[in-house]
Amino acid sequence: MTDTRVLRGPLLSFMNDPGEDDTPQPGSVLYLEDGALWLENGRIRAMAEYLKLEPELPEGIEVVDYRDKLMMPGFIDSHVHYVQLEIMASYGRQLLDWLNEYTFPEECRFAERAHAEAIADAFLDETLRVGTTTAQVFCTSHPNSVDTFFSAAHRRGLRMLAGKVLMDRHAPDALVDDTYGGIRDTERLIGDWHGKGRLGYTLTPRFAPTSTREQLDATGGLLRNAPDLHLQTHLSENQGEIAWVAELFPEASDYLNVYERYGLVGPKSTFAHGIHLSQDARNRLAQAGANIAFCPTSNLFLGSGLFDRLACREAGLNVSLASDIGGGTDLSGFGTLKAAYQVGQLINQPLTPWQGFYRLTLGNARALHLETHIGSLREGAEADIVVLDPKATPLLERRMARTASLSERLFALMILGDDRAVHATWANGQCVHQRDKAMP
């Protein structure tokens, strides 16, 4: 039986990187004032002006009216720890103190499957509520934290990347892996979940200090043997962390070189933060095709530093946007955009709304090599859509009344928007969240 419907209303999608200017590059933005998305069996069958598509529609097809809203591709979060949901807004410390005081004790709780199941469901409820339909997710070192997350995501028909944390030193005993046991667990999880439905596996060494050389080497072996896997870890977030890496790996020329030595830097590698990098390191990352996950709310909250986005652009290095919950303070893409704009203002790197929303959608999809599936509203793409309400709050409605262009409206959403501005979220062609309405 065909599952089909049409979503009608204004729609915005990016065709390419709009650049850094106030006016987007020609051909980079698609905007239809009265557009239509014809959804069929989880994909976009057609996308066009509604009046052009209407004659082709089957008689009696359901038409969902979003003419006072704005449809965009579902938001993408390139770096987030679902297991840290309940320690968000814990009193700020520098990174290493924060890990020891809050993160590691919280992650110990995921040895209990029931707890992991509850948090996986709560996390996915929250991400869909804020319009995020895909994320690259850190679990814990417990295999059941991965099983429960993937199970919950698969039930909802979501496209998600996730992986078991690999960590065989410098952490509580309850979290430390046996070096090769963790690799065996990872191989089992890959076999069970990678490529199942819309799921993909991400190899997840936490960061260099918590893995021995043997574990990093074994992880590199997995990646070499299965290049369709993703990899995620942390890099150059904090000065104390960088100094620690230099002590632990004196043979490496810099922090990035630790990962290079073990074959962990490639086109599907995501390195969270990358604040304190030399331009040489940025160039090496760019040459490998890797990406840096810019996590502005986390960087500000933990006092880690101000990310130099334009230095990455100069190097040709992919930059994705991420919440980094729980160091981050907001799961919402709007929160990420607002903080990214503020970071940019402090170092004379203004973030336009064109560049911001591009990064949350097609830009992040490209950085994660998922653009053939998601990130744009086009024929054949998977039907992941966020429906935004530009008048969601009295303040937004007042501000929108004073805007004279699409650029102004997008910027107002970027700065004043929050979870209330997400009217509905669609994933795999199904409405999985609707504001003020309980979902089955």
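Predicted model: local features only at pLDDT ≥ 70, side-chain atom pairs only at ≥ 80, totals over all residues.
Start with the domains. The domain assignment gives domain 1 as 4-73 + 375-434 and domain 2 as 75-368. Their C-alpha centres are 29 Å apart. On the domain 1 side 36 residues take part in the contact, and on the domain 2 side 34 residues do.

The two domains bury about 3100 Å² between them, with 65% of that on carbon and sulfur atoms. Of the area that domain 1 buries against domain 2, 22% comes from Phe14, Glu20 and Met414, more than from any other three residues.

Now the polar part. There are 8 salt bridges between domain 1 and domain 2, and 15 residue pairs are in polar contact across that interface. On the domain 1 side, the elements giving two or more residues are β5, β15, α15, β16 and β17. Helix α15, residues 406-416, gives the most, with 7 residues. By residue class, that side of domain 1 divides into 20 nonpolar, 8 polar and 8 charged.

One joins glutamate 382 to arginine 159, with the closest N and O atoms 2.8 Å apart. Asp17, Glu20, Arg309, Arg313 and Arg359 are linked in a salt-bridge network.

Arginine 129 is worth a slide of its own. What does arginine 129 pair with? Glutamate 126 forms a salt bridge with it at 2.6 Å, and aspartate 419 forms one at 2.5 Å. Glutamate 126 and arginine 129 are about one helical turn from each other, because they sit 3 residues apart in helix α3. The other pair is of another kind: aspartate 419 is in the loop between α15 and β16 while arginine 129 is in helix α3, so this bridge ties together parts 290 residues apart in sequence. The relative accessible area is 27% for glutamate 126, which is partly exposed. Arginine 129 is partly exposed at 28%, and aspartate 419 is partly exposed at 28%.

In helix α5, arginine 188 and aspartate 192 are 4 residues apart, about one helical turn. Their side chains meet in a salt bridge at 2.8 Å, N to O.

Last, isoleucine 325. Is this residue buried or exposed? Isoleucine 325 counts as buried, because its relative accessibility is 0%. It lies in the loop between β14 and α12. Its contacts beyond four places in sequence include Val80, His81, Leu85 and Met88. Histidine 81 is 244 residues away from isoleucine 325 in sequence, yet the C-alpha atoms are 5.5 Å apart.

Methods. Residues numbered from 1 in each chain as written. Heavy atoms only, no water. Domains from an automatic or database assignment. Contact = heavy atoms within 4.5 Å. Buried area = accessible area lost by both parts, 1.4 Å probe. Salt bridge = Lys/Arg side-chain N within 4 Å of Asp/Glu carboxyl O. Polar contact = N/O pair within 3.5 Å; in protein donor to acceptor, adjacent residues only side chain to side chain. Nonpolar A, V, L, I, M, F, W, Y, C, P; charged D, E, K, R; others polar. Buried < 20%, exposed > 50% of the residue type's maximum accessible area, 1.4 Å probe, protein only.
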